[in-house]
Amino acid sequence: MLLNRRTRVLRTAAVATGTSVALLLPAAAAFADDASGDPGAAVRDQVSGWPLADGSTAQVWQTGEGSYRADIVGRDGVLIGSLTSTGGQPAYGENNGLHIVLQPDGTVSSWQEDVPAPVPTPKPQPKPDPAPKPAPKPRPKPAPHHLNARIKLPDGNVATFAKNVKDGPRVQVSRTNDQRIATVDAKHLTAQHRGWTYKLAVQPGKHQYRFVVVDTPKQGGDSWVYDLNGKLVAEYHARKR
């Protein structure tokens, strides 16, 4: 059964490049709201097909000089939507936990977030008779305070993770001499510095954050994913044509 127009609406954002730290905002390079038209009517040439992390396929078309469009086709052959990269900027899209990046050179990378299984509702149990109160146990010693995780990033800078702050998690990116260059938190999820993008990504259904580092498209658009303890949990490398 073909998907209707409303079920094809996907959330996207364009990743811009620059030399200063800035908050990334949604841009026009996004999944198309209506993918029912003829894809071949406005394109020059199909470049290649890219398998995506969830088993779907990105069919990349060159639409002009330095401009590409990726048509996202499901495993059932249904066109889900499109992603467009223009002006030398990468385009980013997300659909049900599948993240896709279309680079300005027509290459595509993707990764799939974990989707939690539904938790069954427990059946009510009869209340047992109250047991006698046990003798009080000695209070355990407080757990030692753990310092915030601090790791070196692929761009040579250092990330410091603070996950137990008042307004939510925060990751500060600094030079090795502790000069701060970027900060991302629950209110400012994305920042940039000299072609590198730093992002806090929320895992759907888990209320957990991941810290994602994406390098400049000129170097391939590779990305690294860390948990808030500073542990590298995934690494993705853009395929070269």
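Tutor: Let us begin with F161, which stands opposite V171 in β11. This is a predicted model, in which local features need pLDDT of at least 70 and side-chain atom pairs count only at pLDDT 80 or more, while totals for chains, interfaces and linings use all residues. Residues are numbered from 1 along each chain as its sequence is written, and side-chain values use heavy atoms, with hydrogens and water left out.

Student: How many bridges pair β10 with β11, and in which sense?

Tutor: β10 and β11 pair over 5 bridges in the antiparallel sense, where pairing requires that DSSP finds at least two bridges between the strands. Strands here are DSSP runs of E of at least two residues, and helices are runs of H or I of at least four, numbered from the N terminus. β11 also pairs with β12, again antiparallel and over 5 bridges, with S174 having R180 as its bridge partner in β12. The hairpin formed by β11 and β12 has 5 residues between the strands, and D178 in its turn has a positive phi of about 70°.

Student: Back to V171, what is it in contact with?

Tutor: Beyond its neighbours within four places in sequence, V171 is in contact (heavy atoms within 4.5 Å) with A159, T160, F161, A182, T183, V184, L200, F211 and L228.

Student: And which residues have the most contacts inside the largest nonpolar core?

Tutor: They are L153, F161, V171, Y198, F211 and Y226, in a core of 20 residues. A nonpolar core is a set of buried Ala, Val, Leu, Ile, Met, Phe, Trp, Tyr and Cys residues joined through side-chain atoms within 4.5 Å; buried means under 20% relative accessible area, exposed over 50% and partly exposed in between, with a 1.4 Å probe and protein chains only. Strands supplying at least two residues each to this core include β10 (158-162), β11 (170-174) and β12 (180-185). Apart from this core lies another, of 14 residues, with L52, A70, I72 and V108 among them.

Student: Changing topic, what order do the strands of the open sheet follow?

Tutor: The order is β13-β14-β15-β16-β17, with antiparallel pairing among these 5 strands. β13 (190-193) and β17 (232-236) are at the edges, each with a single partner strand, so one side of each has no neighbour in the sheet. Within the sheet, β14 and β15 run antiparallel and are joined by 7 bridges, and A201 has R210 as its bridge partner in β15.

Student: Now β7, why would you call it largely enclosed?

Tutor: Because 5 of the 5 residues of β7 (residues 98-102) are buried, the strand is largely enclosed by the rest of the structure. L98, I100 and L102 point one way from β7, whereas H99 and V101 point the other way.

Student: What does it pair with on either end of the sequence?

Tutor: β7 pairs in the antiparallel sense with β6 (residues 91-95) over 5 bridges, and likewise with β8 (residues 108-112) over 5 bridges. Y92 has V101 as its bridge partner in β7, and H99 stands opposite W111 in β8. The β6 and β7 hairpin has 2 residues between its strands, with N96 in the turn at a positive phi of about 55°.

Student: How many helices and strands are in the chain overall?

Tutor: The chain has 0 helices and 17 strands, and buried residues make up 42% of its 241 residues.
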